[in-house]
Amino acid sequence: MKYSHGAFNVVIVNKRVLLVKRRDFPLWDLPGGVVESDELPSEAAIREMYEETGYAIQIDYEFARYIDKTKKDCQHLFISHIISGELKRTTSETRDLRWFSLNQLPLFIIPNRKRQIQDALTIKNFEEHEISENWLISLIRNLVKK
């Protein structure tokens, strides 16, 4: 089985990180999504950011890759910054978006995102990490399927 790939942006301005509230799961997440078969992870990160927020970004660098071998999932995490655009509070993929203080991230956030945001602040060279899907996400996925 081939791995699925996702690309996500960590955008931090004035010690605040931009998060989107997803429509498919009622949780906060980093802007990003699925890498299509004909695009690079960096291209997907740029496209998804615009679709979900209305912001055009420039990627500074990929700071980490998180791999879940059980789910055959690979997530590419990028440090990015906004270069233009106009904020869209809701889209077909997102219910809301907000800037959260790095010291007060929301309780209902996709598992592993707090760690990834912290990693964005501390990782100086690219790193690769193994992760596993949180029990809460597994439960929500099963409920959404029904």
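Biologist: In which sense do β1 and β7 pair, parallel or antiparallel?

Modeller: This is a predicted model. In it, glycine 6 stands opposite glutamine 75 in β7. The pairing of β1 with β7 runs over 7 bridges, and its sense is parallel.

Biologist: In which sense do β1 and strand β5 pair?

Modeller: Strand β5 covers residues 32–34. Alanine 7 has glycine 33 in β5 as its bridge partner. Over 3 bridges, β1 and β5 pair in a sense that is antiparallel.

Biologist: What pattern does the chain follow when read along the sequence?

Modeller: The chain has 3 helices and 9 strands. Buried residues make up 44% of its 146 residues. Read along the sequence, the elements follow the pattern β-β-β-β-β-α-β-β-β-α-β-α.

Biologist: Which element supplies the largest share of the largest nonpolar core?

Modeller: The core has 18 residues, and Val10, Val17, Leu19, Leu30 and Phe63 touch the most other members. The largest share, 3 residues, comes from β6.

Biologist: How many residues are in the other core that lies apart from it?

Modeller: In soluble globular proteins, nonpolar side chains tend to be buried together. Here the other core includes Val20, Ala44, Tyr55 and Phe78. Its number of residues is 13.

Biologist: Is cysteine 74 buried or exposed?

Modeller: Cysteine 74 is in strand β7. Leaving aside neighbours within four places in sequence, cysteine 74 is in contact with Tyr3, Ser4, His5, Gly6, Arg65, Tyr66 and Ile67. Its relative accessibility is 3%, so cysteine 74 counts as buried.

Biologist: Where is asparagine 14, given its positive phi of about 50 degrees?

Modeller: Most residues other than glycine have a negative phi. Asparagine 14 is not a glycine, yet its phi is positive. Asparagine 14 is exposed, with a relative accessible area of 70%. Its place is in the loop between β2 (12–13) and β3.

Biologist: What is the relative accessible area of lysine 72?

Modeller: Lysine 72 is found in the loop between β6 and β7. Its phi is positive, near 55 degrees, in a residue other than glycine. Lysine 72 is partly exposed, and its relative accessible area is 27%.

Biologist: How many charged residues are in the lining of the second largest pocket?

Modeller: About 160 Å³ of space lies in this pocket. The lining is made up of Lys2, Tyr3, Ser4, His5, Val34, Val35, Glu36, Ser37, Glu39 and Pro41. By class, 4 are nonpolar and 3 are polar, and the number of charged residues is 3.

Technical notes:
Residues are numbered from 1 along each chain as its sequence is written. This is a predicted model: local features need pLDDT of at least 70, side-chain atom pairs count only at pLDDT 80 or more; totals for chains, interfaces and linings use all residues. Side-chain values use heavy atoms; hydrogens and water are left out. On a 1 Å grid over the protein atoms alone, a cavity is a set of points where a 1.4 Å probe fits but cannot get out, and a pocket is an open set with protein on both sides within 12 Å along at least five of seven lines; lining residues have an atom within 4 Å of a point. Grid points are joined across faces, edges and corners, and a volume is the space filled by probe spheres set on the points. Ala, Val, Leu, Ile, Met, Phe, Trp, Tyr, Cys and Pro count as nonpolar, Asp, Glu, Lys and Arg as charged, and the others, Gly among them, as polar. A nonpolar core is a set of buried Ala, Val, Leu, Ile, Met, Phe, Trp, Tyr and Cys residues joined through side-chain atoms within 4.5 Å. Buried means under 20% relative accessible area, exposed over 50%, partly exposed in between (1.4 Å probe, protein chains only). Helices (H or I, at least four residues) and strands (E, at least two) are DSSP runs, numbered from the N terminus. Two strands pair if DSSP finds at least two bridges between them. Contact means heavy atoms within 4.5 Å.
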